[in-house]
Amino acid sequence: MKIGIIGKPQAGKSALFRLLTNHEPSPNGKAQVAVGKIPDQRIDVLAKLFNPRKITYATIDFWDVPGFQPGRNSLDFLQSVRDVDALVVVLRAFESDTVPSYDGLQPYADFKDLQQELLIADWTLMETRLERLAKQRAKNPKAEEELAVLEKCRATLEQDLPLRQLALDPDEEKLLRNYDFFTRKPLIAVVNLDEEQMRSGRYPQQDELEAELERMNVPLIKVSAQIEAEISELDPDDAKLFMEELGVSESGIARIARTVYAHLGLISFFTAGEKEVRSWTIHLGDTASRAAGKIHSDIERGFIRAEVVAYEDMVKCGTMQKVKEQGLFRLEGKEYIVHDGDVITFRFNV
Ligand SMILES: Nc1nc2c(ncn2[C@@H]2O[C@H](COP(=O)(O)OP(=O)(O)OP(=O)(O)O)[C@@H](O)[C@H]2O)c(=O)[nH]1
Ligand SMILES: [Mg+2]
């Protein structure tokens, strides 16, 4: 799973990238990728129960993308996000005497600029494909279906709406998948606040921005990259106090990670033993067989059954022994739909 962090220059993208990945951003502002660990308290709790030699969190690859400068670096910018699975757009609201803003504190206008850029890129892509397909019409029997989907795309883009808004059936969806349209990628907005704004909950262009994001069905997360950086330096107790005082219950990084997960329809299942407690990422609705394949194709191929305990039951009982005594242990087949938080042992035969 690859996520591109985009926005105008000096919005705080690299600051968030550093927090999400613990990786230093590139000093020359080049696009850069690093792995971010998805915080999950459930993993910490399971680790306490199983005392494993190794703990492995779910991860996401984050791309730190150079700031978008309208009319100046369009091609570079688009090139950097062509193959990501989702976009996080960082919008600057924070005031600073030392960090000049690119063109004012205008998170709503910045959002519109970025969206406009992506809409135009998709329009161009759509027109190119339409022309090409129209020419192939005579010899390519599949062209008709594709043309029909692209016409739907045109109608959406014509209204300045992102292709995300377009409801498609699974076959149409499949046809569109190879196109890599920018506005079809899931999008999450992060507004980067200063401490004052964090406390008051108010920032410039707030009403316009929030109304627009709601209309577009884009989730919004309020963070302060600077405060997050300070919190990450504190020991856990002080960090907790500081967050309570600010009125937030969870770090912004954890909130971003969780929102990305939920918005992309991702869930976690766990494997737990004395060797390793590990989180695995799958899609909502995936079967046990699919989940097995995440771990190893042999396990999917030789699947016999899945031994499943719900996370809450595991925690309530404390040990596998107790889980079994209480009858909370389930044997499931290939077609079982895995739930978020299932603790699973796969039995397989190769
Ligand atoms: N006061 C304050 N400064 C911040 C905050 N977030 C980032 N900064 C500072 O703003 C400057 C720019 O932040 P970056 O994270 O490098 O911004 P960017 O979006 O990556 O910028 P480009 O890579 O140039 O597009 C740095 O000096 C950060 O320390 C914040 O929440 N508050
Ligand atoms: Mg940067």
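This is a predicted model: local features need pLDDT of at least 70, side-chain atom pairs count only at pLDDT 80 or more; totals for chains, interfaces and linings use all residues.
**Figure 1**
The chain holds 15 helices and 12 strands. Of its 350 residues, 48% are buried. The accessible surface comes to about 18,200 Å², and carbon and sulfur atoms contribute 48% of that area. Take the contacts with a separation of 6 or more: 69% of them join residues 24 or more positions apart.

**Figure 1. Three domains along one chain.**
The chain is divided into domain 1 (2-38 + 57-105 + 186-263), domain 2 (118-184) and domain 3 (285-348). As you can trace from those bounds, domain 1 is put together from three stretches of sequence. Between the C-alpha centres of domain 1 and domain 3 there are 35 Å.

**Figure 2. The largest nonpolar core.**
This core has 34 residues, and the members that touch the most others are Ile6, Phe77, Val81, Leu87, Val89, Phe111 and Leu118. Two or more residues come from each of these elements: α3 (74-81), β5 (86-92), α4 (107-136), β6 (187-192), α8 (206-216), α9 (225-233) and α10 (236-246). Domain 1 (2-38 + 57-105 + 186-263) and domain 2 (118-184) each supply at least three residues to this core. A second, separate core has 27 residues, with Leu19, Ala58, Val190 and Tyr261 among them.

**Figure 3. Val89 and the residues around it.**
Which residues is Val89 in contact with, once its neighbours within four places in sequence are left aside? They are Ile6, Gly7, Phe111, Leu114, Leu187, Ile188, Ala189 and Val190. Two of these contacts, Ile6 and Phe111, are listed with Val89 among the core members that touch the most others. Another contact, Val190, is included in the second core.

**Figure 4. Helix α11 from end to end.**
Helix α11 (residues 252-263) contains 12 residues. From its first C-alpha to its last it reaches 16 Å, close to the 16 Å expected at 1.5 Å a residue. Its buried residues are Gly252, Ile253, Ala254, Arg255, Ile256, Ala257, Val260 and Tyr261. Tyr261 is also included in the second core. Just after the helix comes Gly265, with a positive phi of about 70 degrees.

**Figure 5. Two asparagines with positive phi.**
Asn22 lies in the loop between α1 (13-21) and β2 (32-37). Its phi is near 60 degrees, a positive value in a residue other than glycine.

Cys317 belongs to helix α14 (residues 311-317). Why does Cys317 count as buried? Its relative accessibility is 10%, and the cut-off for buried is under 20%. Not counting residues up to four places away in sequence, Cys317 touches Lys322, Val323, Gln326 and Leu328. Ser26 is 291 residues from Cys317 in sequence, and the two C-alpha atoms are 47 Å apart in space. Cys153 is buried too, with a relative accessible area of 0%. If you are looking for disulfides, a search of the whole structure finds zero.

**Figure 6. Asp194 in its loop.**
Asp194 lies in the loop between β6 and α7 (195-200). With a relative accessibility of 15%, Asp194 counts as buried. What does Asp194 touch, not counting residues up to four places away in sequence? Its contacts are Phe94, Glu95 and Ser224. Val350 is 156 residues from Asp194 along the chain, and 56 Å separate their C-alpha atoms.

Terms used:
Residues are numbered from 1 along each chain as its sequence is written. Chains are lettered from A and ligands numbered from 1 in the order in which they are written. Side-chain values use heavy atoms; hydrogens and water are left out. A nonpolar core is a set of buried Ala, Val, Leu, Ile, Met, Phe, Trp, Tyr and Cys residues joined through side-chain atoms within 4.5 Å. Buried means under 20% relative accessible area, exposed over 50%, partly exposed in between (1.4 Å probe, protein chains only). Helices (H or I, at least four residues) and strands (E, at least two) are DSSP runs, numbered from the N terminus. Domain bounds come from an automatic or database domain assignment. Contact means heavy atoms within 4.5 Å. The expected span of a helix is 1.5 Å times one less than its number of residues. A disulfide is a pair of cysteine sulfur atoms within 2.5 Å. Accessible areas come from the Shrake-Rupley method with a 1.4 Å probe; for residues, only the protein chains shown count as cover.
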